[in-house]
Amino acid sequence: MKKVLVVLVAIVFTVAVAGISFAADVRGAISKIDGGKITVRAADGKETTVEGDAKGLKVGDKVVVKDGKIVKKKAVEGC
């Protein structure tokens, strides 16, 4: 019984960690736009390619990839 409980806890933990990692947003700048494919480079150097409409976007724009869609970050006015 104890072994079954330990295995069950390990499986639940693994599924929870995997779910969190897949739900993570990617924040970065657009490095390339090729038709409907937009490449976003995160601060750690990883690149993510997303298909979508590049209307209003240009290379260098800061964006967030959320649920496979690009959301442009709004400029923050300084003081």
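Colleague: In which strand is the place of Arg27?

Modeller: Strands are DSSP runs of E with at least two residues, numbered from the N terminus, and in this predicted model Arg27 has its place in strand E1, residues 26-34. Residues are numbered from 1 along each chain as its sequence is written. Local features need pLDDT of at least 70 and side-chain atom pairs count only at pLDDT 80 or more, while totals for chains, interfaces and linings use all residues, and side-chain values use heavy atoms, with hydrogens and water left out.

Colleague: In which sense do E1 and strand E4 pair, and over how many bridges?

Modeller: Two strands pair if DSSP finds at least two bridges between them; here E1 and E4 (residues 62-66) pair in the antiparallel sense over four bridges, with Gly28 standing opposite Val63 in E4. E4 also pairs with strand E5 (residues 69-72), in the antiparallel sense and over four bridges, and Val64 stands opposite Val71 in E5.

Colleague: Which residue takes a positive phi in the hairpin of E4 and E5?

Modeller: That hairpin has two residues between the strands, and Asp67 takes a positive phi near 55° there.

Colleague: Where does Lys58 lie, and is Lys58 buried or exposed?

Modeller: Buried means under 20% relative accessible area, exposed over 50%, and partly exposed in between, with a 1.4 Å probe and protein chains only. Lys58, in the loop between strand E3 (47-51) and E4, has a relative accessible area of 53% and is therefore exposed. The C-alpha atoms of Lys58 and Ala29, which are 29 residues apart along the chain, are separated by 9.6 Å.
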